[in-house]
Amino acid sequence: MSELVSTLEQLASGQRKFLNKGGLCVGLVITKTAQERGLPIAPESLRTEEGGQVAGLGKAAVQNILADYGITKVLAEEGGRTSRGSLGLMESYVKTLNELHAKLRDIDLDIAMNWWIEKVKLYLASEGPKFNFDTSKSVAANLADIFVQAMEIQKNSGGANFVGAMLQHMVGAKLDIVLGQGAVSHHGFSVADHSTDRAADFQVNEVAIHVTTHPSEALIRKAAANLRTGLKPLIVTLADGVEGAAYLLKNTEWKDRIDVIDAAQFLTANVYERSLFKAVECKTTLVSILTRYNEIVAECETDPVLRIRL
């Protein structure tokens, strides 16, 4: 990954509004301006005369850029012009470009534009799974429908593991609902355990919770290592993963010491418990978990496709 792309990823990770439609419009127009004017750019030159908006930002400008890349779908009716925070995003992006220019002297702005275009494509195709609670179905079936939608999206995602990320944050949301926010830490899905002090995806007291779609031998070894340090490992996975974990644990000394739970059952049981087993309350309880899930995704991830439409 080039330093330019790495810097853009860090910028979007630190200011997630860049990946909303208004922020994407700012990125496109400012990059185009930098291509035409060259760097560095004085941020004050990109303010309207009234000073309250980003000069040149609007639907026509944005759509003209997108048209060059074969994109005809409208990104934003106002082209980001009236979006709150557009000026702040502009100043932040210009500062980033100017600093890179001072450091590298030669920035390939075509790479920057292609980066923004890919983010636009993701945004336009990123209508995440939609939650429609069907009272004729079980709670588990309603949850399963969300993951089925995620799997369909993942097939067209170029290799991104959206299902794994969704599963991790869904479990995290449930823990927040049960224990209260702040009891566990949340991390981006791509943040590997070995790069932090974490023994697992979540640790609650002496329980190390591993969340995965496909249990592996490496995961079993990590769970075994947790056992040796006095932690109790719990693997939360999909239905197929339960069978996979059982196979990996078979004929090992760990088979009776590591718990493996189907994620749908893990979440479903909580919905019934939190609803006090009142069927009419199950939808409300599930919505509270999904709402917290969306909040976690907004805090930890940059891909809008992970958000569930409620």
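Helices, runs of H or I at least four residues long, and strands, runs of E of at least two, are taken from DSSP and numbered from the N terminus. With that in hand, please enjoy these close-ups of a predicted model.

**View 1. Lysine 21 in helix H2.** Lysine 21 is a residue of helix H2, a helix that spans 21–37. Its relative accessible area is 42%, so lysine 21 is partly exposed. Once residues up to four places away in sequence are set aside, lysine 21 touches Leu75, Ala76 and Tyr123. For a sense of scale, lysine 21 and glutamate 152 lie 131 residues apart in sequence, and their C-alpha atoms are 23 Å apart in space.

**View 2. The largest nonpolar core, with 41 residues.** H5 provides the largest share, with 8 residues. Another core lies apart from this one; it has 40 residues, including Phe147, Leu238, Ile289 and Leu306.

**View 3. The surroundings of tyrosine 93.** Neighbours within four places in sequence are left aside. Tyrosine 93 then makes contact with Leu8, Leu11, Phe18, Gly27, Ile30, Thr31, Ala112 and Trp116.

**View 4. Where domain 1 meets domain 2.** The protein is split into domain 1, residues 3–127, and domain 2, residues 139–306. Their centres, taken over C-alpha atoms, are 35 Å apart. In the contact region, 8 residues of domain 1 meet 9 residues of domain 2. Together the two domains bury about 680 Å², with 57% of that area on carbon and sulfur atoms. On the domain 1 side, H1 and H5 each supply at least two of the residues that touch domain 2. Between the domains there are 3 residue pairs in polar contact, both partners at pLDDT 80 or more, and 0 salt bridges.

**View 5. Glutamine 168 and aspartate 201, in contact with each other.** Glutamine 168 sits in helix H7, which covers 162–179. Aspartate 201 belongs to the loop that runs from helix H7 to strand E1 (202–204). Glutamine 168 counts as buried because its relative accessibility is 4%, under the 20% limit. The value for aspartate 201 is 12%, so this residue counts as buried too. Neighbours within four places in sequence aside, glutamine 168 is in contact with His187, Gly188, Phe189, Asp201, Phe202 and Val211.

**View 6. Backbone geometry at proline 40, arginine 105 and asparagine 205.** Most residues other than glycine have a negative phi, and most peptide bonds are trans. The leucine 39 to proline 40 peptide bond is cis, with omega near 0 degrees; proline 40 is in the loop between H2 and H3. Arginine 105 has a positive phi, near 70 degrees, and is placed in the loop between H4 and H5. With a relative accessible area of 57%, arginine 105 is exposed. Asparagine 205 also has a positive phi, of about 55 degrees. Asparagine 205 is located in the loop between E1 and strand E2 (207–211), and its relative accessible area of 63% makes it exposed.

Technical notes: Residues are numbered from 1 along each chain as its sequence is written. This is a predicted model: local features need pLDDT of at least 70, side-chain atom pairs count only at pLDDT 80 or more; totals for chains, interfaces and linings use all residues. Side-chain values use heavy atoms; hydrogens and water are left out. A nonpolar core is a set of buried Ala, Val, Leu, Ile, Met, Phe, Trp, Tyr and Cys residues joined through side-chain atoms within 4.5 Å. Buried means under 20% relative accessible area, exposed over 50%, partly exposed in between (1.4 Å probe, protein chains only). Contact means heavy atoms within 4.5 Å. Domain bounds come from an automatic or database domain assignment. Buried area is the accessible area (1.4 Å probe) that two parts lose on being put together, summed over both. A salt bridge is a side-chain nitrogen of Lys or Arg within 4 Å of a carboxyl oxygen of Asp or Glu. A polar contact is a pair of N or O atoms within 3.5 Å; within protein, one must be able to donate a hydrogen and the other to accept it, and residues adjacent in sequence count only if both atoms are side-chain atoms.
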